[in-house]
Amino acid sequence: YQTQSTWVIMTSDDTHSKTEELLAENDNFGMMPGQICILKQEKVPSLQDNSARFTFDKKNVYLLETKPHGHGDVHSLLHAAGLPKVWADAGKKWVLFLQDTNVLQFRAFPATIGVSVAKGFAMNSVCVARNAKEAVGGIARLTSPEGRVFTANVEYNQLDPLLRSMARAKGEEETGDVADASGFSPFPGNINILVLSLEAYRPALERSGGLVPEFVNPKYANSERTVFKSATRLECLMQDVALLLNPSDRVGFTLWDRWVCYSPVKNAVQDAVKMTPPCAAASGEHDVYMNHCRYLEHCGAVIERCSFPVVFNGIGCEPYPRVTVMPNVAVTRAELAARVRNLKISSRSFVVLSGDIDIDGLEVDGTLVLTAESGARVRVRNMRVVNKGWTFAPLAPDSEEPPYLLIRGYRLERTEGCCLTYRQGQVAELTGEYGVDKL
């Protein structure tokens, strides 16, 4: 479909100006004027105790301390901006919600929309298999005291106590959130990637004004639960939009393997080394390379894996070559299989493919960056690339390097590589041996 999607970015006081600067510096990353809409979220007063007394700013007692209200505000912001009506009037059918920490999520969208169409879902949550008691919300089928049955997310810190209290009420053993025969929790892990039908979503916002249920989640400093460790606030969750839908609206989930769509970058190095998975910058970047490699393997490519552990600052990473296939080459596996045949990549290789590229016979042992700009075509036929390549050089935590490198624990060192770029109007066929073209 030749259509243009609108991107809506929710910011806060902390991120708004930086987001605008980033987009301006990068020419909106190729998006057209008006295609990106930025909506800023406001903060709410902090609460200091169970009586919900406000907390004053530590530097100015005439100001209230404020905190973010939660990502559920995205619904009220969209409603206030009138965007769901604009999209519906333009013939759009689906709204996709995503998290900026998880780049792999885009893999899941096409098929998840297909599931929504096939199943008639008004709301479809992208899920992964969830370890018992993992700090990820679980999708559950709930029954209210009034008898309403609905499907919704239950936060991980509420799921286990809820299951125990239900068992207690029935006089059963209080096992809580435990693994079943599959080795995972029976409650799929909600990773906050949502697909909503505009037909159901728009009237839900109109009924509620875009407001989703709020809650308070204080962390207590004493066993009597009277003193907070720090000030809390009212907050709301994006996924609780399920509670606004009509009882007749179908709500479901689509379960994916983690490697396909879930590797968030959200933990500092000192915390990530204690976690499995670490969900850090190094692991997140290498999971993207792994994802591209496994998609290529599904299409018949031979991908050699590293024979030794890949570790940066104590964080283990997937032992795959560093491969990136840009979306302008292929998006789905079927598209990729039609574009790439007879491919072999060594474990030490760096490969970047971008543009209108068709491969039938390619072996890489080193670095290859192959770019077909808009309007160019490249056909690869029995091409072999061998050079010294690039490497990731480890960095010590106290290195004098920019933060974006320190959080990874390595920097890219370009020894030599084959970098080929073809511009609009050029048609190229690449065969034979290649070593170093240019750095």
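Q: Which strands each supply at least two residues of the lining of the largest cavity?
A: Those strands are β6 (121-128), β8 (149-154) and β12 (250-256). Strands (E, at least two residues) and helices (H or I, at least four) are DSSP runs, numbered from the N terminus. The model is predicted: local features need pLDDT of at least 70, side-chain atom pairs count only at pLDDT 80 or more, and totals for chains, interfaces and linings use all residues. Residues are numbered from 1 along each chain as its sequence is written, and side-chain values use heavy atoms, with hydrogens and water left out.

Q: What counts as a cavity or a pocket here?
A: On a 1 Å grid over the protein atoms alone, a cavity is a set of points where a 1.4 Å probe fits but cannot get out. A pocket is an open set with protein on both sides within 12 Å along at least five of seven lines, and lining residues have an atom within 4 Å of a point.

Q: What is the volume of the largest cavity?
A: It is about 50 Å³, where a volume is the space filled by probe spheres set on the grid points, which are joined across faces, edges and corners. The structure holds one cavity of 30 Å³ or more.

Q: Which strand gives the largest share of that lining?
A: β8 does, with three residues. The lining of the largest cavity includes Met123, Ile139, Thr151, Asn153 and Gln239.

Q: How does the lining of the largest cavity divide by class?
A: It has five nonpolar, five polar and no charged residues. Ala, Val, Leu, Ile, Met, Phe, Trp, Tyr, Cys and Pro count as nonpolar, Asp, Glu, Lys and Arg as charged, and the others, Gly among them, as polar.

Q: Turning to pockets, what is the volume of the second largest pocket?
A: The second largest pocket has a volume of about 420 Å³. Of its 19 lining residues, the closest to the centre are Arg258, Pro277, Asp287, Met290 and Glu318.

Q: Which elements give two or more residues to that lining?
A: They are α7 (258-261), α9 (281-298) and β15 (315-317). The most comes from α9, with four residues. By class, the lining of the second largest pocket has nine nonpolar, five polar and five charged residues.

Q: Which residues touch the most other members of the largest nonpolar core?
A: Leu296, Leu362, Leu370 and Leu430 do, in a core of 48 residues. A nonpolar core is a set of buried Ala, Val, Leu, Ile, Met, Phe, Trp, Tyr and Cys residues joined through side-chain atoms within 4.5 Å. Buried means under 20% relative accessible area, exposed over 50%, and partly exposed in between (1.4 Å probe, protein chains only).

Q: What does Leu296 touch?
A: Not counting residues up to four places away in sequence, Leu296 touches Ala301, Ile303, Val323, Val325, Leu336, Val340 and Leu343; contact means heavy atoms within 4.5 Å.

Q: What is the strand order in the open sheet of five strands?
A: The order is β13-β17-β19-β21-β25, with parallel pairing. Two strands pair if DSSP finds at least two bridges between them.

Q: Which are the edge strands?
A: They are β13 (302-303) and β25 (427-434), each pairing on one side only. Two bridges join β13 to β17 (residues 340-345), and Ile303 stands opposite Ile345 in β17.

Q: How many bridges join β19 to β21?
A: Eight bridges join these parallel strands, and Leu362 stands opposite Met383 in β21.
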